[in-house]
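Have the sequence and the 3D view ready as you read.

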Amino acid sequence: MTKEPVAVVGIGQTKHTAARRDVSIAGLVREAAVRALEDAQLTWSDIDAVVIGKAPDFFEGVMMPELYLADALGAVGKPMLRVHTAGSVGGSTALVAAGLVAARVHRTVLTLAFEKQSESNAMWGLSLPIPFQQPLLAGAGGFFAPHVRAYMRRTGAPPGIGALVAYKDRRNALRNPYAHLHEHDLTLDQVRSSPMLWDPIRYSETCPSSDGACAMVLTDRAGADRAPYPPAWMHGGAMRSEPTLFAGKDFVSPRAGRDCAADVYRQAGITDPRREIDAVEMYVPFSWYEPMWLENLGFADEGAGWKLTESGVTELDGELPVNPSGGVLSTNPIGASGMLRFAEAALQVRGRAGEHQVDGARKALGHAYGGGSQFFSMWVVADTSPAG
Amino acid sequence: MTPAPSPEVLQAPLVVEFPFTRSLGPVQSAFLTGLRTRTVLGVRTTDGRVLVPPVEYDPVTADELADLVEVAPTGTVTTWAWNPSPRRGQPLSAPFAWVLVRLDGADTALLHALDAPGPDAVRTGMRVRIRWAAEREGAITDIACFEPYDGAEGGEAVPHTGTFTDPVRSIVAPARLDYTYAPGRAQSRYLKALAGRATYGERCPSCRKVYVPPRGACPTCGVATAEQVEVGPRGTVTTFCIVNIKARNLDIEVPYVYAHIALDGADLALHARIGGIPYDEVRMGLRVEPVWSEDGRYPDHYRPTGEPDADYDTYKELL
Ligand SMILES: [Zn+2]
């Protein structure tokens, strides 16, 4: 028996910002969910199940927040599931929801991810003072910066590539009304001369800390037929994981990421992602991860990712626009960041991305990763339903 | 019960403690601000029930709720449990009863503490009233506890605007978890060797890779590791970053170099600080050795050995 095709018929997100002091966590997720329902022109009673994700409970200190959020998400009397895969959780949450539709367990599923970073402490939540261990020496950026240096050494990438990515993504964010950072006056020179935090990573090449939520309504073929706006159709979805540290781990291009991409392309019948995919929303929390993931995801040969960035291929009007929404570099409510990538990919193929719409986008990739480059989740969405 | 610790395995307390902030949103803001003025607010649901404590969204219809009402400070115990040994942070320091109290005018019950001399003095159906805290700030602790009460019953819930001057919009919720941490057999053995300034990894019997620090199992093969292998003391800087941000709880002057170091004989790099060389002269391939602090459990940092740099090909697989 073939799988049920999965369609994205509703997308909602909050205006991401440094601190949403006017709402509780329930109020925050509610806002995104209501917008997704409005987009799909559905009501709470049309939803059969809710699948929710966020980063570690320690971030906000609400243990199992999904229990308290059931009322706000109309989940009382329905199945409600929580997914947790660190920073990739927004992506894997959407995939769990999609699996329920594809398997015909439920017909219409609300999926949602959030983080209220202003009420959390990610740094603390991730680095508890474990007895007998030397205290963490460098923080989150310090964890990733040595891998960026390794990438530069391996590929011979010139030092200015990261600044190009940061400048591009911040410019793209100006076209996205929901993005957190709207730095109208930012210049490339300012990015290049911003303080060096964890050499080789500069301040402007790092992501902000945001409060925000993202929601999507996923449904079956019959649900898509009733949708008021064009749906995005899922053509492939995959997750992979690997340990944070192991002998032979390739931090620059983790095998779990490569395998995950290969799987999702195989499902979608894609043999040349560079030519066949029209827009990419990838998880780039530090600017250099754009060229790194371009290689990991098969858009460029090993060592050549930076050349795509340098030559403008990944610009909004380039051949392969990457992060037209402004990406994680402009908006980072951690738990929601992965789902934002998935949702923005879907907005592109629905033709509903507004000012940051990529002309003629028919097939898009949403990508998320998390932990110490150990969890990966991806989907490919398109404007037509999958064959069969 | 905690099993008796093996003498070889280390143990230490681990306290996880953090003051979390919470934005309240309109309903909880009104509820907690009300308590400050000895006013207990509930919310009326779409089907007309009064929920105390109030919630923002209707548990049945998922409607947004905003119809606030005031209920009485008196009520009835709907169920209870005796707490013979209160812990830190609980409402009362002497033994008390946890009670669910349905306040007069409400349809649901509020969890709180009842001050009673013993379990014989508590029963379901007993009448109680709020004992207010002397100092109130807009928190659930503004209700110090409940106490037995045999006065008149409160009336129906009455509408309330929920409007107060200087409302409480956020609270700080201190969280604390007490653990006993045991690093396990492999790491205990590793730490013991470090005290003698020797670094031991463990070799996987299947893939033969040497793990430093050892975890007692190979994450790739999923088998236990036991064979100890001395590694180092010298090693190679595989990659690094220069940290320019001073960590709040770390006594290290910036800038400093945070490096991945592959000790000779190890199959993955460990992380450490580099010293004894200007930060801007550190490079990939630099050969280093540990500098042990007087009484530290770990090398304080690593410094250059003076050997020629390692060739990139010798460590590129460890990046
Ligand atoms: Zn092994």
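A residue counts as buried when its relative accessible area is under 20%, as exposed when that area is over 50%, and as partly exposed in between. Keep in mind that this is a predicted model. Side chains of opposite charge can pair when their charged atoms come close. Over all chains, the structure holds 45 salt bridges.

| Pair | Closest N and O atoms |
|---|---|
| Glu66(A) and Arg82(A) | 3.1 Å |
| Glu242(A) and Lys249(A) | 3.1 Å |
| Arg362(A) and Asp383(A) | 2.9 Å |

Start with Glu66(A) and Arg82(A), which form a salt bridge. This pair links distant parts of the chain: Glu66(A) belongs to helix α2 (residues 65-69) and Arg82(A) to strand β3 (residues 80-83), 16 residues apart. Glu66(A) is buried because its relative accessibility is 11%. Arg82(A) has 24% relative accessibility, so it counts as partly exposed.

What about Glu242(A) and Lys249(A), buried or exposed? Both of them are buried.

Next up is the salt bridge between Arg362(A) and Asp383(A). It also links distant parts of the chain, with the partners 21 residues apart. Arg362(A) lies in the loop between α14 (334-350) and β10 (363-370), while Asp383(A) lies in the segment after β11 (375-382). Arg362(A) is partly exposed, with a relative accessible area of 48%, and Asp383(A), at 29% relative accessibility, counts as partly exposed too.

Now hop over to chain B. Which residues are linked in a network of salt bridges there? They are Arg234(B), Asp264(B), Arg287(B), Glu289(B), Arg303(B) and Glu307(B).

How values were computed: Residues numbered from 1 in each chain as written. Chains lettered and ligands numbered in written order. Predicted model: local features only at pLDDT ≥ 70, side-chain atom pairs only at ≥ 80, totals over all residues. Heavy atoms only, no water. Salt bridge = Lys/Arg side-chain N within 4 Å of Asp/Glu carboxyl O. Helix = DSSP H or I, 4+ residues; strand = E, 2+ residues; numbered from the N terminus. Buried < 20%, exposed > 50% of the residue type's maximum accessible area, 1.4 Å probe, protein only.
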